[in-house]
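This report covers selected local features of one model. Please look over the sequence and the structure first.

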Amino acid sequence: MKIKSFVLALILTIFPHSFYQTQAQTLPSSQNTNSISADNDIDFTTLEKYLVEQNWRKANDETRNIILQGSGRKSIGWIPPSDLKNLSCDNLKTIDTLWKENSNGRFGFSIQFPIYIETGNRPGRMVSDDAFNRFGDRIGWRKDNDWIIFYENLNFTNTAPIGHFPNPRAEYSITGGRLLYSVLAEKMVQCNIVNYKK
C-alpha cells in the first residue's frame, strides 16, 4: 500500500497537469459547467448570456443561429421544413428551457405551443390560414389583421405578448411560416417538450 501511495505521489509530482485534465474530462455531465451541446458542438453560452440580460433581440438572433447550426444550414442561412427535422431534441429542449427560465415562463416554444393548439392548429398538419392567423394575433406576430414585417417589428420589450419569442424568422419576412411552424410543433411533440394528444 505504501508503494502505491509513493508511486501515485511521484506521478502527480511529475505529471500533475495531465492527471487533473484527465480527471476533469471524466466528471459526470451534471458537474460539467460548460454549455456546449454534444450535438454539432453547439455552444449555448451566448444565448444564455443574452437571456439573463433580457436582451430579447440578441437572444432571438442567437436562437436563429443555433437552429441554423443544429439543422446543418448555418452556411445557407435559411431552413426548409425538411431540414428543421434534423434539429436534435436535446438542442430544441435546451433552447426552450433557457427561454422559459429566463423570461419567468413568458417565452419559449413550449409556451407558444398551447396557444398554437388553442387557436385551431395541429402539429405536423396544415390547417386553415385562419387558424394560423389567430395564433399570430395572439402572440403578437400579426397587427391590424396582417403579419408584421418580422424582426424589426417584433416587440423586444418585457411587455411583449406571452409566447412572442423566440421567433427565428428571417429578417423582413412578411409571412408567418405556417408550414415551418407546423413542422416545429410536430418536432416539439416528438421530443416530448410538450404534451399533446390527438
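Is Asp43 buried, partly exposed or exposed? Asp43 has a relative accessibility of 34%, so this residue counts as partly exposed. The model is a predicted one.

## Asp43 and its surroundings

Asp43 sits in the loop that runs between helix 2 (16-25) and helix 3 (45-52). Its side chain makes a polar contact with the side chain of Thr45, at 2.5 Å.

Asp43 can also be placed relative to Ile66. The two residues are 23 apart in sequence. From C-alpha to C-alpha, Asp43 and Ile66 are 8.2 Å apart.

## Thr63 in helix 4

Thr63 belongs to helix 4, which spans residues 56-70. Thr63 has a relative accessible area of 0%; the cut-off for buried is under 20%, so Thr63 is buried.

Which residues does Thr63 contact, leaving aside neighbours within four places in sequence? They are Leu47, Ile95, Trp99 and Pro166.

## Backbone exceptions

Most peptide bonds are trans, and most residues other than glycine have a negative phi.

Pro166 lies in the loop between strand 2 (146-147) and helix 9 (178-190). Pro166 is also one of the contacts of Thr63.

Asn145 is in the loop between strand 1 (142-143) and strand 2. Its relative accessible area is 68%, so Asn145 is exposed. Asn192 falls in the segment after helix 9. With 64% relative accessibility, Asn192 counts as exposed.

## Aromatic pairs

How many aromatic pairs does a search of the whole structure find? The search returns 17. Among them, Phe135 and Trp141 form an edge-to-face pair, 5.6 Å centre to centre, with 75 degrees between the planes. Both residues, Phe135 and Trp141, are buried.

Trp141 also pairs with Tyr181. Their ring centres are 6.1 Å apart and their planes are at 75 degrees, so this pair is edge-to-face. Trp141 lies in the loop between helix 8 (129-139) and strand 1, while Tyr181 lies in helix 9, so the pair ties together parts 40 residues apart in sequence. Trp141 and Tyr181 are both buried.

One aromatic cluster includes Phe135, Trp141 and Tyr181. Phe113, Tyr116, Phe132, Trp147 and Tyr196 also belong to that cluster.

How values were computed
Residues are numbered from 1 along each chain as its sequence is written. This is a predicted model: local features need pLDDT of at least 70, side-chain atom pairs count only at pLDDT 80 or more; totals for chains, interfaces and linings use all residues. Side-chain values use heavy atoms; hydrogens and water are left out. Helices (H or I, at least four residues) and strands (E, at least two) are DSSP runs, numbered from the N terminus. Buried means under 20% relative accessible area, exposed over 50%, partly exposed in between (1.4 Å probe, protein chains only). Contact means heavy atoms within 4.5 Å. A polar contact is a pair of N or O atoms within 3.5 Å; within protein, one must be able to donate a hydrogen and the other to accept it, and residues adjacent in sequence count only if both atoms are side-chain atoms. Rings of Phe, Tyr and Trp (its six-membered ring) pair if their centres lie within 6.5 Å; planes under 30 degrees apart count as stacked, over 60 as edge-to-face and the rest as tilted.
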